[in-house]
Amino acid sequence: MKFTLSWLKQHLETTATLDQIVEALTRIGLEVEGVENPGEKLAAFKIAKILSAERHPQADKLQILSVDAGNGPLQVVCGAPNARAGLVGVFGAPGAYVPGLDVTLKLASIRGVESNGMMCSTRELELGEDHDGIIELPADAPIGTPYPDYAGLTDPVIDVAITPNRQDCMGVRGIARDLAAAGLGTLTPLTFDTFASEGAGPDVRTDDTAGCPAFFAQTVTGVTNGESPEWMRRSLLAIGQKPISALVDITNYLMIDLGRPLHVYDRAKLSGGLVARKAKDGEQVVALNGKTYTLDATMTVIADAAAVHDIGGIMGGEHSGVSADTTDVLIECAYFDPDHIARTGQKLTLTSDARSRFERGVDPAFLEDGLAIATALVLHICGGTASDVTRSGEPPLEPRVIHYDPRLSADLGGLHVAPERQARTLLSLGFTIGAITSADAFSDALFSTIEGKWPVTIPTWRRDVDGPADLVEEVVRIEGIDNIPSTPLPRMPGVAKPTATPEQKLERRARRAAAARGLDEAITWSFLSDAEAAPFGGGAWTLANPISEDLKVMRPSLLPGLLAATGRNLKRGQQSVRLFEIGRRYLADAERATLGVVLAGDRRPRGWRDGKAATFDAYDAKAEALALLAASGTPVDNLQVMGEAGDAWHPGQSGTLRLGPKTVLASFGMLHPSVLKAFDLDGAVAAVEVYLDAIPPKRATGFARPAYTPPALQAVRRDFAFLVPAALATDTLVRAVKGADKVAIVSARVFDVFTGQGVEEGHKSVAVEIVLQPTAKSFTDEEIKAIADKVVAAAAKQGASLRA
């Protein structure tokens with residue numbers, strides 16, 4: 001929330017400097033996001049007087065002005081219709097940056113006439129929307145003075161981040177109250193002009209006491225809705241609010257000033273009385289933002305006999321808004337239930353300044369005074385006659401009392417604060433303690449009458465305070481969290497016991513292995529858009545209140561986020577992308593720990609041997625999958641390569657690694673072209689997903705491994721060349737060969753695959769090396785031949801025959 005320093009000082013009597021105020025705000029929990037001086041960007045613009053104005057010889061709508069900005073006359077070409085001799089306005093010399101045009105002025109020739117700068121309009125300086133002519137200042141404005149100094153634009157603007165629990169600080173007065181409690185000054189009394197009322201109040205009522213418990217309203221007849229006063233327009237402009245008209249500006253000003261949203265209706269556009277009620281399914285309203293919203297029966301609206309005019313507590317309707325022709329108004333000051341407001345805003349995906357306050361919870365005790373202040377401002381600025389107030393319903397004003405033990409400040413907050421100081425802090429923040437109603441009413445004698453736990457009454461504007469711990473938080477933040485002493489936690493004697501779970505250890509091993517293999521770790525959103533999740537089967541879970549529409553689906557795979565990151569890297573000139581991420585997939589039954597890998601671009605840069613770069617293929621993905629599984633403790637020698645990995649993967653260029661036919665440990669291969677198109681990626685992309693939750697845990701067999709004993713006898717190697725059907729997976733052949741004699745054969749691997757001349761069509765030649773390891777004695781020729789026969793027989797069962 002933004003406000004100016006002078007605006008703050010309307011509620012806080014203080015001698016503190018800007019730096020002291022900024023430091024105190026952050027210290028008490030109101031983080032300052034920035035401080036701006038709006039006059040800095042306009043420092044180059046000066047007050048100038050037009051000495052003469054003559055018609056341009058080459059253009060009917062241009063004039064040649066002689067302008068004095070304090071350093072003698074300058075020639076300026078100007079097209080403003082109100083430019084004339086004697087006018088005092090705002091001048092920008094060459095070198096000045098014009099924010100409304102996003103240009104830097106320079107010496108220019110316009111239709112053959114030299115121009116030394118420009119006379120500016122309010123829109124060009126981003127001070128308003130008027131662009132019909134240049135700014136006109138009073139004749140006595142000091143020539144040569146920087147315009148920000150003259151216009152009072154040097155007032156610093158403070159931008160504070162308000163956390164969702166601090167609804168009381170959604171107005172400048174609430175922030176001033178906190179600063180006063182922190183010792184930076186005194187909170188000024190809230191006063192307003194009294195006025196007489198005539199006639200009965202307007203016909204309003206609430207039929208939805210759950211969504212709108214209280215609906216107060218007052219009418220003012222005979223108003224003139226012109227421009228708001230300069231002081232109000234200047235305050236709104238300084239914080240980025242666009243002045244619209246006096247009536248609208250009054251409501252916006254009070255919302256920022258006091259945290260109290262209001263709404264003003266043009267009575268001439270209403271049909272009968274107003275009622276707060278539940279919407280009917282399918283009802284529609286055109287809001288002030290020009291958009292049409294379809295409502296349902298859970299939403300609270302303000303309507304008359306003809307139509308809906310307001311999405312209660314969020315945004316008013318376009319058709320009943322005030323205009324320059326408005327003469328009679330109805331001022332609404334209502335209390336809307338925060339939960340109803342939040343749900344309605346989420347359903348409609350509609351945000352507004354009013355919603356951000358109502359869904360936090362505005363002060364339910366401030367309806368009467370809030371309406372009176374608004375009406376008094378309307379009467380003062382726009383004139384007219386006020387009616388009596390109509391009050392329908394009752395705001396929730398039940399007192400809430402917490403019994404507080406001041407020793408909790410030390411026990412819970414870790415900071416010892418004297419009870420008397422705690423009491424003064426709470427009183428300064430608006431709490432009452434027994435019969436003590438304010439800090440001014442505090443006395444030692446009165447305080448001594450409170451025995452045991454303090455009966456602390458929570459102010460109506462502090463919906464967030466719910467228990468003693470919240471009171472501790474109030475005391476500690478005002479005292480200063482920096483004052484809490486650093487106290488080490490007690491440590492158990494001896495060597496610290498490991499606390500990592502088996503799952504955490506597994507992720508650590510996998511992360512280290514991936515990094516050791518040259519992969520770069522990425523961290524991506526757990527949320528995706530529908531379009532990103534669709535290629536991977538769509539998301540099983542959708543957020544009800546997402547950050548944005550592009551981040552509303554819980555990811556079914558880690559690959560979408562990695563592919564988006566890969567695309568960003570490739571588009572910025574990265575030649576080789578090797579990314580991995582360890583995170584969670586969110587499936588219908590549970591969330592699953594997963595390691596994702598994406599390989600894109602060049603696997604090897606071009607060099608003198610082959611002249612061109614080598615790209616990644618499915619075998620690279622398989623190698624990464626096997627290496628990561630091995631590092632994770634998987635018995636990779638027992639894995640089976642099976643089937644295609646799914647619709648997101650390239651058919652024939654992908655597969656799965658399994659322990660048995662059902663336990664899938666990883667998917668690997670090339671991604672489907674349709675997936676690459678969805679993520680705007682050119683070229684082939686290889687990927688891996690290792691399902692860490694599916695890896696079988698290690699058996700608890702003790703910490704020490706058995707000592708490695710090298711074999712006493714030399715191994716024997718034999719090569720076999722088989723002719724197999726082209727469709728037969730070589731992994732199937734290798735597993736069959738290795739299983740021919742599980743005692744003697746310790747390993748088997750393919751070292752050649754050949755198709756072409758000498759191999760009949762539909763077949764391929766696969767060469768396999770097996771390693772035989774004798775144990776008690778060396779193999780005899782007969783034993784080796786017997787093993788070889790077993791190998792050939794096992795291969796024959798897979799449709800393989802030994803080549804001649």
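Tutor: In this predicted model, aspartate 310 stands opposite glycine 316 of strand β23. The pairing that brings them together is antiparallel: strand β22, residues 308–311, is joined to β23 over 2 bridges. Both strands belong to an open sheet of 5 strands with mixed pairing, in the order β15-β18-β21-β22-β23. The edges of this sheet are β15 (204–206) and β23 (315–316); each has a single partner strand, so one side of each is left without a neighbour in the sheet. Glycine 316, opposite aspartate 310, is thus placed in β23, a strand at the edge of the sheet.

Strand β40 (residues 716–725) and strand β42 (residues 763–772) pair in the antiparallel sense over 10 bridges. Within that sheet, arginine 718 stands opposite isoleucine 770, a residue of β42.

Two strands pair with β29. One of them is β27 (residues 401–404), which pairs in the antiparallel sense over 4 bridges, and there valine 401 stands opposite threonine 457. The pairing of β28 (residues 432–433) with β29 is also antiparallel and has 2 bridges; isoleucine 433 stands opposite valine 456 in this case.

The packing of helices may be examined at α11 (residues 419–428) and α13 (residues 468–479), whose axes come within 10 Å and cross at roughly 95°. The two helices are therefore roughly perpendicular to each other. From α11, the contact is made by Arg421, Gln422, Thr425 and Leu426; from α13, it is made by Leu471, Glu474, Val475, Ile478 and Glu479. Sorted by class, the residues of this contact are 4 nonpolar, 2 polar and 3 charged.

Two side chains deserve attention for their surroundings. Arginine 357, in helix α8, is buried, with a relative accessible area of 4%. Leaving aside residues up to four places away in sequence, arginine 357 touches Met1, Met170, Met255, Ile256, Gly259, Pro261 and Val362. A polar atom of the arginine 357 side chain lies 3.1 Å from the backbone oxygen of methionine 170. Aspartate 369 is 12 residues from arginine 357 along the chain, and the C-alpha atoms of the two are separated by 17 Å.

Glutamate 624, placed in helix α17 (residues 618–631), has 9% relative accessibility and so counts as buried. The side chain of glutamate 624 is joined to that of arginine 517 by a polar contact of 2.8 Å. Apart from residues up to four places away in sequence, glutamate 624 touches Arg517, Leu519, Leu599 and Val688.

The backbone supplies a last pair of details. Most residues other than glycine have a negative phi. Threonine 349 has a positive value, with phi near 45°; the residue is found in the loop between α7 (338–348) and α8 (353–358). With a relative accessible area of 63%, threonine 349 is exposed, because the cut-off for that class is over 50%. Aspartate 680 also is not a glycine and has a positive phi, of about 55°. Its place is the loop between α18 (673–678) and β39 (685–690), and at a relative accessible area of 48%, aspartate 680 is partly exposed.

Note on methods
Residues are numbered from 1 along each chain as its sequence is written. This is a predicted model: local features need pLDDT of at least 70, side-chain atom pairs count only at pLDDT 80 or more; totals for chains, interfaces and linings use all residues. Side-chain values use heavy atoms; hydrogens and water are left out. Two strands pair if DSSP finds at least two bridges between them. Buried means under 20% relative accessible area, exposed over 50%, partly exposed in between (1.4 Å probe, protein chains only). Axes are lines fitted to C-alpha atoms, for helices over the stretch in contact, and angles run from 0 to 180 degrees between N-to-C directions. Angles under 35 degrees count as roughly parallel, over 145 as roughly antiparallel, 65 to 115 as roughly perpendicular and the rest as oblique. Contact means heavy atoms within 4.5 Å. Ala, Val, Leu, Ile, Met, Phe, Trp, Tyr, Cys and Pro count as nonpolar, Asp, Glu, Lys and Arg as charged, and the others, Gly among them, as polar. A polar contact is a pair of N or O atoms within 3.5 Å; within protein, one must be able to donate a hydrogen and the other to accept it, and residues adjacent in sequence count only if both atoms are side-chain atoms.
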